[in-house]
Every structure is written in structure tokens, then in C-alpha cells.
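Thanks for making time for this.

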Amino acid sequence: LNALEKDSLTGLYTKEFFFRYAQETIELHPEKKYSIICSDIENFKVINDKYGLKTGDDILVYASGQIVKNFRGILFGGRFNGDVFAFLQENTEDSGLDNEVIEKISKHAPVTAISLKFGIYPVEPDLAVQTMTDRAVMALNQIKNVYGSYVSVYDNKIREELMKQQQITDNMQEALESRQFKVYFQPKHEISSDTTSGAEALVRWIHPTLGFMNPGLFIEIFEKNGFITQLDEYVWNAVCSSIARWREKGMRTVPVSINVSRRDFEKENLAEEIINLVDSYGIPHELLHIEVTESAYSDNPEKIEK
């Protein structure tokens, strides 16, 4: 039973048993105030790749042990996938969960400069522990890759943000089919000749009820869920169609840059796809320029160079 209950590496409960015992504890003591705390180690996969699995395991043991040791009111914890931990904490006046303590833990880790992040959900007895844990993870995700932010407490603002993200996800396919996405051309001006020497294609979403939507609201979501590849193809087609139309009308035509995101590079035949698209519109290749995002390049430089 102990082998089933406990994670063999850290000694914390497994996910299922953490949920069970946390639920029991909360129900047995309705008069007490608790919090669910979730944590993970930022870029843990990179640490594993760089230093090896043994060092990765040492960091997991160290981090989980230090959390239990330094944060007051921790009753027990569970290890979820890889480097994600959850803890049930009985609320105290000072939990010890502050930046100074977290930085101290990070500083003395087996590998220096690890970054621990924490999401907190104040327990509501009527909610299932799994739901509250999910919300603590949502709070945690709000500060991932945000320098200097180590703790995030779930609140209505996060809930509204997540609902907005869900609304975007629910509407994206219909928006593509009904051509709510519009392509704009931002000129590139050459100072030496005082002429427009090129343009960059930018996509904007004109939603029938939400109105004009800046790409900052939806591009990151689309990159995460993979929809960005469909949107990119939509933009590439719109650009090629515009260039072909300008040429047919005898207008002066300049090269247009299209964006290629990190998810596009997961396709084995990406180059052929773009070439075939350009050729299908009868456009000279030099009229289409390709911009690779920094994030795409940093993810897999060798593949992108190839």
C-alpha cells in the first residue's frame, strides 16, 4: 500500500492519494482554513537535458523537501507529472511563501539558478480538491516565464482571463471559415530612395461582437493549441492572392514578408508547401519573403537552418 501511495523518489503522495487525503482532511475539519499550493521548476526539461536525469532527480528531491521545510502549515504534498508538486497547507498568519525564501531555496539548489514558481488556491469546502488544484496550476501558469514573479494567487481576474481564452478557442474555427481574420500590409520604407521597398503581412481578427482584436490576444493561444498553422496558411494564401491581383492590374509590386511560426516547422514538407503555394498563383519567388520568429529559431535552430 505504501508503494502505491507514495512517490518513490520524493516520498510525497502520488497524485490520486494526494487528492484523496486532501479531500478527507478538508471535510474532517470544516472549521479550518486551507490552501492548495502547486509548484513547478521552470524549464525543468532543459535542466534534465543539460545535466542528466540523476541531477534532475536530485533537484526534485531537494525542491520538494525545501518546500515542506520552509513553508509553514504544510500538512502533506503530492508529486504530479515530472516536476509538478501540490501541497495542502493549513493557513497561518505568515506562510513563509515569499520571494526572499523562494530565492534562497533556488540559490542553494544542486544546480544554481533554478526558478521555482507557485500557484495558490484558497480552499473552498464545496469544491473538489482536483478542481481547486487545477485552478492553483492555472494561477501558476500565469507567471511562467515572468522574471521576478514567483507566487500567483488564483482570483477573478485569472478566471476572467481564462474564460476569455476559452471564448477565443471556441470561436477560432468559425472565424477562419467566415473570414473574420483580415490581412493588413505594413509598409517598409527605404530612406535612401524615399520609396516603399516592401511590406509585412499582419493579421487582425475582426469579431462580429468583440470587435477589433489585437494579435496579442490570440496568437499565443493559437501557438499553444496548434491552430496557428491553419491561420498562417490562411494569411499566406491571402498574401499570394493580393500580390497576384496587384500584378494583374499592372501596379508596382514590392516583396511581402509572411510570418512562419514555430508550429509550422513541425511540418516535414514546409518548404515544398510554400513553394507550391507561390507557384500556384504564378508569382515570382522573390516577391515573398519569410520571417522566422525568434521563439521558433531558439526552439530548434538546426532544423530551421536546414
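Predicted model: local features only at pLDDT ≥ 70, side-chain atom pairs only at ≥ 80, totals over all residues.

Let me begin with helix α5, residues 99-107, whose buried residues are Ile-102, Ile-105 and Ser-106. These three cover an arc of only 100° around the axis, which puts them on the same side of α5; the arc is that of the directions from the helix axis to the C-beta atoms. Buried here means under 20% relative accessible area, exposed means over 50%, and partly exposed lies in between, with a 1.4 Å probe and protein chains only. Helices are DSSP runs of H or I with at least four residues, strands are runs of E with at least two, and both are numbered from the N terminus.

Residues are numbered from 1 along each chain as its sequence is written, and side-chain values use heavy atoms, with hydrogens and water left out.

Coming back to α5, the face turned away from its buried side carries the exposed residues Glu-100, Lys-104 and Lys-107. The cover over the buried residues of α5 includes α4 (53-70), β4 (116-122) and β5 (151-153), where contact means heavy atoms within 4.5 Å. At the start of the helix, a side-chain oxygen of Asp-98 comes to within 3.2 Å of the backbone nitrogen of Glu-100; the cut-off for a polar contact is a pair of N or O atoms within 3.5 Å, where, within protein, one must be able to donate a hydrogen and the other to accept it, and residues adjacent in sequence count only if both atoms are side-chain atoms.

Is Ser-106 buried or exposed? Ser-106 counts as buried because its relative accessibility is 8%, and, not counting residues up to four places away in sequence, Ser-106 touches Val-111, Ala-113, Ile-114, Ser-115 and Leu-116.

In α3, residues 44-51, the buried residues are Phe-44, Ile-47 and Asn-48. Their arc around the axis is only 100°, which puts them on the same side of α3. Following α3 comes Gly-52, with a positive phi near 95°.

For α10 (270-280), the buried residues are Leu-270, Ile-274, Leu-277 and Val-278. They span an arc of only 95° around the axis, which puts them on the same side of α10, and they pack against α9 (228-248), β9 (256-260) and β10. Asn-276 and Ser-280 are exposed on the other side of α10, and just after the helix Gly-282 takes a positive phi of about 65°.

**The pockets**

On a 1 Å grid over the protein atoms alone, a pocket is an open set of points with protein on both sides within 12 Å along at least five of seven lines, and lining residues have an atom within 4 Å of a point. Grid points are joined across faces, edges and corners, and a volume is the space filled by probe spheres set on the points.

The largest pocket has a volume of about 1,100 Å³ and is lined by 32 residues, of which Asn-145, Glu-220, Ile-221, Glu-223 and Lys-224 lie nearest its centre. Which helix gives the largest share of that lining? That is α8, with eight residues. The lining divides into 10 nonpolar, 11 polar and 11 charged residues, with Ala, Val, Leu, Ile, Met, Phe, Trp, Tyr, Cys and Pro counted as nonpolar, Asp, Glu, Lys and Arg as charged, and the others, Gly among them, as polar.

The second largest pocket holds about 460 Å³ of space, and of its 17 lining residues Phe-265, Leu-270, Ala-271, Ile-304 and Lys-306 lie nearest the centre. Its largest share, six residues, comes from α10, and the lining divides into 11 nonpolar, one polar and five charged.

Note on methods:
1 Å grid on protein atoms, 1.4 Å probe; cavity = no way out; pocket = protein on both sides within 12 Å on 5 of 7 lines; lining within 4 Å.
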